[in-house]
Amino acid sequence: MLNKKFKHLKKEIKINNKFFKNRIISSPISINMASKGYVTKNIINFFSNLAKSGVSMVTIGAAAVSEQGNDTLNGMILGPNKYLNTYFDHK
Ligand SMILES: Cc1cc2nc3c(=O)[nH]c(=O)nc-3n(C[C@H](O)[C@H](O)[C@H](O)COP(=O)(O)O)c2cc1C
């Protein structure tokens, strides 16, 4: 339960043309579950569950734009199309 001090966090808000059902956002977390830069089912499940938790926005962590910029172990690479179009779940 949110106490009185934080009651406003439950209020919806519109920022520019974006509507948020509340003011709670999950901050970026590196879960390091990518495989060779590719998004995996584990990553999708993790962030889907966060999205269903009631927050108004989810941010992802450990996501590099380029291959050269990938500085985390098992981080995602999201720039080149080959990483956006598909994902593999290497076992
Ligand atoms: C396990 C863990 C992983 C995190 N991964 C990222 C990340 O990938 N990118 C990022 O910008 N911040 C990352 N952070 C920072 C958090 O998003 C957040 O800014 C930080 O924990 C401070 O917020 P807090 O005071 O509520 O903990 C991470 C934090 C934790 C604890």
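M76 is in contact with A34, G37, V39, I43, A62, A63 and A64, its neighbours within four places in sequence left aside; two residues are in contact if their C-beta atoms, placed from the backbone, lie within 7 Å. M76 also belongs to the largest nonpolar core, which has 6 residues in all: A34, V39, I43, A63, M76 and I77. The model is a predicted one, in which local features need pLDDT of at least 70 and side-chain atom pairs count only at pLDDT 80 or more, while totals for chains, interfaces and linings use all residues. Residues are numbered from 1 along each chain as its sequence is written.

**Core and burial**

- A nonpolar core is a set of buried Ala, Val, Leu, Ile, Met, Phe, Trp, Tyr and Cys residues joined through C-beta atoms within 7 Å.
- A residue is buried if 20 or more other C-beta atoms lie within 10 Å of its own, exposed if 12 or fewer, and partly exposed in between, with C-beta atoms placed from the backbone.
- Of the 91 residues in the protein chain, 9% are buried.
- In soluble globular proteins, nonpolar side chains tend to be buried together.

**Overall form and secondary structure**

- The protein chain has 2 helices and 6 strands, arranged along the sequence as β-β-β-α-β-β-β-α; helices (H or I, at least four residues) and strands (E, at least two) are DSSP runs, numbered from the N terminus.
- The radius of gyration of the protein chain is 16 Å, whereas a compact globule of 91 residues would have a value near 12 Å; the radius is taken over C-alpha atoms, and the globule rule is 2.2 Å times the number of residues to the power 0.38.
- The C-alpha trace spans about 45 × 30 × 20 Å along its principal axes.
- Contacts between residues at least 24 apart account for 54% of those between residues at least 6 apart in sequence.
- Helix α1 has 12 residues and reaches 16 Å from its first C-alpha to its last, close to the expected 16 Å at 1.5 Å a residue; the expected span is 1.5 Å times one less than the number of residues.

**Ligand surroundings**

- S27, P28, I29, S30, G61 and A62 surround the ligand; a residue is near a molecule or strand if its C-beta atom, placed from the backbone, lies within 6 Å of it.
- This shell divides into 3 nonpolar residues, 3 polar and no charged; Ala, Val, Leu, Ile, Met, Phe, Trp, Tyr, Cys and Pro count as nonpolar, Asp, Glu, Lys and Arg as charged, and the others, Gly among them, as polar.

**The loop between β3 and α1**

- N32 is placed in the loop between β3 (25-26) and α1 (41-52), and has a positive phi of about 50° although it is not a glycine.
- N32 is partly exposed, with 13 other C-beta atoms within 10 Å.
- K36 lies in the loop between β3 and α1, and has a positive phi of about 50° although it is not a glycine.
- K36 counts as exposed, with 11 C-beta neighbours inside 10 Å.
- Most residues other than glycine have a negative phi.
- G37 is also found in the loop between β3 and α1, and is partly exposed with 19 other C-beta atoms within 10 Å.
- Leaving aside neighbours within four places in sequence, G37 is in contact with E67, N70, M76, I77 and Y83.
- The C-alpha atoms of G37 and S66 are separated by 9.7 Å, with the two residues 29 apart along the chain.

- V55 lies in the loop between α1 and β4 (57-58), and is partly exposed with 17 other C-beta atoms within 10 Å.
- Neighbours within four places in sequence aside, V55 is in contact with I24, I25, S26 and L50; the C-alpha atoms of V55 and I25, 30 residues apart along the chain, are separated by 5.5 Å.
- I60 is found in the loop between β4 and β5 (63-64), and counts as partly exposed with 17 C-beta neighbours inside 10 Å.
- I60 is in contact with P28 and F47, neighbours within four places in sequence left aside; I60 and F47 are 13 residues apart in sequence and 7.5 Å apart in space, C-alpha to C-alpha.
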